[in-house]
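I set out to look up the ligand sites of this entry. My notes follow the display.

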Amino acid sequence: MQGLVVLLEANRPTVETDDGKRYLCYLRGKIKRDAGRILVGDRVEIMPTDPGEAIITKVLPRSHSLFRPPVANVSGLFVIFSFTEPRGSLELLDKRLVMAHILNVEAEIVVTKTDLVDDREKLTRFMTLYKNIGYRVWATSVTTGEGIPEFLEAPRTGIWVMVGESGAGKSSLAKALLPHEELDIQGLSRIGRGQQTTRWVRLLKTRQFWLADTPGYTALEMSVKDPQLIRQAFWEWDNASCRFPGCFHIDEPGCDVLPKVMQGIYDPVRYEHYRLILNQWVKRY
Ligand SMILES: Nc1nc2c(ncn2[C@@H]2O[C@H](COP(=O)(O)OP(=O)(O)OP(=O)(O)O)[C@@H](O)[C@H]2O)c(=O)[nH]1
Ligand SMILES: [Zn+2]
């Protein structure tokens, strides 16, 4: 029987089988000893023992695991962005998008708190910029309900992880997406902050996808060996006719990107973040 690890508590995984039944599981000796043995998001084979209990006999090969928060088989990241109150950082937004590209998972941008936005035109310009690059961008508010049904019903499958700055509205959005779930445990993990933060991950099911609930995790900053990955993450410049195919658009002769940034054809802020990310994440730039 196969299933999905939806919760990992004190090293005892809860597995949900494809018919929706849940089993509290034990790990078999060998799996238990292997490091990184099991993650929320793993597909596993189980052998039921007692009612509601089972032994995990095998962990199926995984793809696209995140280290922090630890989640296996991730399909994509929801990058949660507060356009106002507080104004989110565009630099961190671009970093998270680049990170998704490097991890080879999808990314969608979810703007929160649209009820607080005065300048809708500015918001539209922002959304258009990222939509034109090819991202799905959602405008949502948990106060008015704007955008929530559209966001929930959009076709997507698999396991999705919310990332975003503190105060961006992640837990509020999760509550709005899953009004029937008990999400209060999150409050407990917050109280613990500063002392010993409780960190755990669980998967919550919406009609279309699994949402990873990851309180206590504030990720970021990565080191990347291959700067090409960062260049490729800015695929909006792929059509530029630079003289050299592997052009990094810094000071190469015949670069077509830099002049277009100067002319405002390419977004100068995105370009600035590209340079910054190269500098910070790849040591030799
Ligand atoms: N007006 C308005 N306020 C919102 C909305 N969504 C969230 N907020 C408020 O924004 C603040 C931060 O929201 P949270 O959901 O706690 O943000 P978070 O990203 O989970 O924050 P961390 O737990 O620190 O990572 C709270 O005071 C929320 O009430 C919204 O759609 N409209
Ligand atoms: Zn170039």
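I examined the zinc ion (ligand 2) and found that its 4 donor atoms subtend angles of 100 to 114°, which makes the arrangement tetrahedral (for four donors, all angles between 85 and 135 degrees). I noted the protein donors as Cys242 (SG), Cys247 (SG), His249 (ND1) and Cys255 (SG), at 2.1 to 2.4 Å from the zinc ion; donors are N, O and S atoms within 2.8 Å of the metal (3.2 Å for Na, K and Ca), and water is not among the atoms. I read their sequence spacing as C-x4-C-x1-H-x5-C. I found both Cys247 and His249 buried (under 20% relative accessible area, 1.4 Å probe, protein chains only).

I recorded that the model is predicted, that local features need pLDDT of at least 70 and side-chain atom pairs pLDDT 80 or more, and that totals for chains, interfaces and linings use all residues. Side-chain values use heavy atoms, without hydrogens and water; residues are numbered from 1 along each chain as written, and chains are lettered from A and ligands numbered from 1 in written order.

I turned to ligand 1 and found 15 residues surrounding it, the closest being Asp115, Ser166, Lys170, Ser171 and Ser172 (a heavy atom within 4 Å). I looked up its polar contacts (N or O pairs within 3.5 Å). A polar side-chain atom of Ser171 lies 2.7 Å from a ligand 1 oxygen. I found a backbone N or O atom of Lys170 at 2.8 Å from an oxygen of ligand 1, and a polar backbone atom of Val142 at 2.8 Å from a ligand 1 oxygen.

Methods:
Polar contact = N/O pair within 3.5 Å; in protein donor to acceptor, adjacent residues only side chain to side chain. Tetrahedral: all angles 85-135°; square planar, octahedral: opposite > 155°, others 65-115°. Buried < 20%, exposed > 50% of the residue type's maximum accessible area, 1.4 Å probe, protein only.
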